[in-house]
Amino acid sequence: MAKCSFTIPPKLALVLIVAFTLILLLPAIGIEFGNPQADVTDQYYIDNSQVETGSNNVVTSIVFDYRGFDTLGEATVLFIAVLGVTMLFRRKL
């Protein structure tokens, strides 16, 4: 079997990393942070959350009722991550 001994010079690696980072940051140009745009959806949640969900807290109604499946998915991913770390660090008997 032939071994591949291809190495990238450190300066080239740095340039590639910086270029890749800048490419990933391009979509963020022009976004105003700290000044969110008001949306029709925001007002809909404020007006209808108590009637549709029965919750007095708008944030709770959004997290548990409107986005319930998303929250369930996030909890599942967190559980699997904790389970994986536990399995990595468990002691062999």
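**Reading local features in a predicted model**

User: Where is Val-63 placed?

Analyst: Val-63 sits in helix α3; helices (H or I, at least four residues) and strands (E, at least two) are DSSP runs, numbered from the N terminus. This is a predicted model, in which local features need pLDDT of at least 70 and side-chain atom pairs count only at pLDDT 80 or more, while totals for chains, interfaces and linings use all residues. Residues are numbered from 1 along each chain as its sequence is written, and side-chain values use heavy atoms, with hydrogens and water left out.

User: Is Val-63 buried, partly exposed or exposed?

Analyst: Buried means under 20% relative accessible area, exposed over 50%, and partly exposed in between (1.4 Å probe, protein chains only). Val-63 has a relative accessible area of 32% and is therefore partly exposed.

User: Which residues is Val-63 in contact with, leaving aside its neighbours within four places in sequence?

Analyst: Contact means heavy atoms within 4.5 Å. With neighbours within four places in sequence left aside, Val-63 is in contact with Gly-68 and Thr-71.

User: Where does Ser-55 lie, and what does its side chain approach?

Analyst: Ser-55 is in the loop between α2 and α3, and its relative accessibility of 16% makes it buried. For a polar contact, look for a pair of N or O atoms within 3.5 Å; within protein, one must be able to donate a hydrogen and the other to accept it, and residues adjacent in sequence count only if both atoms are side-chain atoms. Here a polar atom of the Ser-55 side chain lies 3.1 Å from the backbone oxygen of Asn-57. Beyond four places in sequence, the contacts of Ser-55 are Ser-49, Gln-50, Thr-60 and Ser-61.

User: Is Ser-49 buried or exposed?

Analyst: Ser-49, in helix α2, is buried, with a relative accessible area of 2%.

User: How many aromatic pairs does a search of the whole structure find?

Analyst: Rings of Phe, Tyr and Trp (its six-membered ring) pair if their centres lie within 6.5 Å; planes under 30 degrees apart count as stacked, over 60 as edge-to-face and the rest as tilted. The search finds two pairs. In one of them, the ring centres of Tyr-45 and Tyr-66 are 4.8 Å apart and the planes meet at 45°, so this pair is tilted. The pair links distant parts of the chain, with Tyr-45 in helix α2 (residues 40-53) and Tyr-66 in helix α3 (residues 58-66), 21 residues apart. Ring pairs join Tyr-44, Tyr-45 and Tyr-66 into a cluster. Tyr-45 is partly exposed at 21% relative accessibility, and Tyr-66 is partly exposed at 27%.

User: How many salt bridges does the structure hold?

Analyst: A salt bridge is a side-chain nitrogen of Lys or Arg within 4 Å of a carboxyl oxygen of Asp or Glu. The structure holds one: Asp-70 with Arg-67, whose closest N and O atoms are 2.4 Å apart. Asp-70 is partly exposed at 32% relative accessible area, as is Arg-67 at 44%.

User: Which residues make the nonpolar surface patch?

Analyst: Patches are made of residues with over 30% relative accessible area and no salt bridge: like charges are joined within 9 Å, nonpolar side chains (Val, Leu, Ile, Met, Phe, Trp, Tyr) within 5 Å. Accessible areas come from the Shrake-Rupley method with a 1.4 Å probe; for residues, only the protein chains shown count as cover. Phe-6, Ile-8, Leu-12 and Leu-16 make a nonpolar patch of about 430 Å². Phe-6 is in the segment before α1 (10-25) and is exposed, at 67% relative accessibility.
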